[in-house]
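Open the structure in your viewer and keep a selection tool at hand. We will walk through a few stops, one selection at a time.

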Amino acid sequence: MEGNRNIMQLEDKNQKVDLFLKKLNIISENAINKNKYERAMAAISVSANLQYQYNQSYTDEKIENMILLISRNMERKYQERIDKIEINKNVILFYDGFGLDTRGVALMYLNALKKNRYHIVYVTNKDVKNKQMKGASITWNYIDMNKRYTKWVAELTETIINTKPKAMFFYTKPNDVSAAVSFSMFNKKIDRYLIDLTDHAFWLGVKSNDYFLGSREMSASNQYFKRHIEKEKMIKLGVNLIIEKNPDHKGLPFDVKKEKYIFSGGALYKTLGDDKNTYYKIVDHILKNNSEIKFLYAGSGDASEINKILNKYPNRAYLIDERKDFYYLIENSIFYLNTYPMFGGMMMKYAADAGKIPITLRHNKDSDGLLLNQEEAKIEYDTYEELIRDVDKLLMDSQYLKARESLLEGTVIKEERFVKNVRGVIENHRTDYKHEIIEIDTSNFQKEFYERFDLKQEIYKNAIRINGALFNNVPVMYYYMAKNIWSKITNRLKNLR
């Protein structure tokens with residue numbers, strides 16, 4: 001009886017999500033027919049955001065076709081100017097929908113473009129003005145990504161027309177409908193490259209770009225088998241790391257040069273969601289069996305589980321905020337313990353670069369292919385028991401630890417290779433290595449997204465100002481927006497006390 005009830009609940013969730021997504025599609029189609037593009041794009045953006053969080057499919061052909069239709073209709077205003085564009089062969093446009101070039105993948109691309117002596121046109125949100133990198137041949141263009149989708153499209157399109165780039169990089173959020181519409185206008189005029197940052201989940205842009213840059217076989221599998229992208233459009237390109245060693249090490253809870261410790265970090269939600277609390281079982285095992293070893297975690301968020309460790313091991317387990325000198329903390333640790341059930345891909349790479357083993361418990365195939373020759377580096381474990389056995393040996397036998405650390409040599413892409421490959425992408429549409437296209441089963445991974453997806457909660461998150469054109473068609477969003485505003489007011493009042 002209980003089993004049947006669970007099945008009914010699952011079917012009910014499926015039906016509710018499908019019905020709401022169909023409703024959004026109808027709203028968008030009707031809006032396009034009436035030239036109400038603001039409403040149409042709001043519906044598409046909300047749908048894409050929901051599908052990203054739901055993650056039961058990797059693309060939506062109806063939405064992609066609607067984006068092309070909106071683009072064709074809006075393009076008429078610019079057609080004469082687009083036709084007259086004479087490409088500047090040394091100009092590269094980097095569109096950043098995140099506005100976070102000071103960290104992560106965007107910084108690596110900007111550095112490579114700079115080293116290749118291209119002039120960079122960097123387009124991002126006006127809200128992050130004056131927060132970007134310095135010292136490159138670069139033109140900053142800040143556009144409004146907060147009020148209206150149509151204004152967003154207009155400002156981005158004007159920037160592209162005025163700067164006449166040889167190539168454009170599409171680096172953005174999975175639901176960025178405005179960039180997808182604008183990029184679509186330049187089909188067969190400017191080379192368009194999507195950086196597949198979210199290779200494991202749904203995103204927009206399949207029909208708005210010419211080439212798709214993925215760093216691992218998960219990218220290739222989902223691009224080819226799930227997003228139905230042609231092999232010729234798929235380019236393998238992994239990024240290097242830029243190590244900025246921060247000299248300020250003040251405020252640490254102990255002397256990391258003298259004490260033995262395990263380091264870990266990232267948003268704390270990455271350690272939650274596993275019924276067995278496996279990540280914390282690993283930490284508990286290490287601390288219980290190695291009294292001379294400390295545990296240091298740098299991150300923030302829901303601390304409900306890590307607080308249990310802190311209380312059980314006072315003066316040995318520590319939670320600190322993220323720090324700019326995180327590489328220093330990795331360098332001086334015994335090894336880096338990757339988060340679970342969600343892994344930290346960039347931290348895995350930083351650990352390998354520092355010569356410290358990124359101990360990683362496999363969660364399906366989520367973390368596959370993030371390092372070069374990853375299998376030979378022996379950083380991953382299939383079970384908790386296998387991981388614990390090896391960790392015990394690593395902690396007891398210093399020679400064994402050194403031998404294992406030596407396997408990390410050559411697992412991280414070097415700057416020179418990435419710089420060369422970025423030029424190869426722009427000039428010849430290829431790099432010095434290729435994808436091995438093998439279909440990877442992501443059903444278990446998708447099941448977890450399905451189980452934690454809450455439709456009401458996601459609609460609530462999307463009840464924001466820029467989606468206002470949609471509210472008359474989805475009246476509950478008025479209620480959610482009011483709730484959102486009240487929540488912000490109460491939080492501010494709490495902070496003032």
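Start by selecting Glu-458, which sits in helix H18, residues 455–461. Keep in mind as you look around that this is a predicted model. Is Glu-458 buried or exposed? With a relative accessible area of 7%, Glu-458 counts as buried, because the cut-off for buried is under 20%. Now show what surrounds this side chain: setting aside neighbours within four places in sequence, Glu-458 is in contact with Leu-50, Gln-53 and Phe-453.

Next, switch to a cartoon view and select strands E1 to E7. Seven strands make up an open sheet here, ordered E3-E2-E1-E4-E5-E6-E7, with parallel pairing. Which strands stand at the edges? They are E3 (138–143) and E7 (234–236); each has a single partner strand, so one side of each is left without a neighbour in the sheet. On average, neighbouring strands of this sheet are turned by 25 degrees against each other, direction ignored.

Zoom in on one pair of this sheet. Strand E4 (residues 165–171) and strand E5 (residues 191–195) run parallel and are joined by four bridges. To find your place, pick Ala-167, which stands opposite Asp-191 in E5.

Helix H6 (residues 149–163) lies across E1 (88–96), E2 (119–125), E3 and E4, and runs at about 160 degrees to E1. Helix H7 (residues 177–184) lies across E1, E4 and E5, at about 155 degrees to E4.

Six bridges join E8 to strand E9 (residues 293–298), and the two run parallel. Here, Phe-263 stands opposite Leu-296 in E9. Trace the chain from E8 through helix H9 (residues 278–289) to E9, and you follow a right-handed β-α-β crossover.

For the last stop, select helix H15, residues 398–406. Which residues of H15 are buried? Leu-401, Arg-404 and Glu-405 are. Look down the axis of H15: its buried residues fall within an arc of 100 degrees, so they line one face of the helix. That buried set packs against strand E13 (380–381) and helix H14 (384–396). Turn to the other side of H15, and you find Gln-399 and Lys-402 exposed. Finish at the start of H15, where a side-chain oxygen of Asp-397 comes to within 3.1 Å of the backbone nitrogen of Gln-399.

Note on methods
Residues are numbered from 1 along each chain as its sequence is written. This is a predicted model: local features need pLDDT of at least 70, side-chain atom pairs count only at pLDDT 80 or more; totals for chains, interfaces and linings use all residues. Side-chain values use heavy atoms; hydrogens and water are left out. Buried means under 20% relative accessible area, exposed over 50%, partly exposed in between (1.4 Å probe, protein chains only). Contact means heavy atoms within 4.5 Å. Two strands pair if DSSP finds at least two bridges between them. Axes are lines fitted to C-alpha atoms, for helices over the stretch in contact, and angles run from 0 to 180 degrees between N-to-C directions. A crossover is right-handed if, with the strands pointing away from the viewer, the path from the first strand over the helix to the second runs clockwise. The arc is that of the directions from the helix axis to the C-beta atoms. A polar contact is a pair of N or O atoms within 3.5 Å; within protein, one must be able to donate a hydrogen and the other to accept it, and residues adjacent in sequence count only if both atoms are side-chain atoms.
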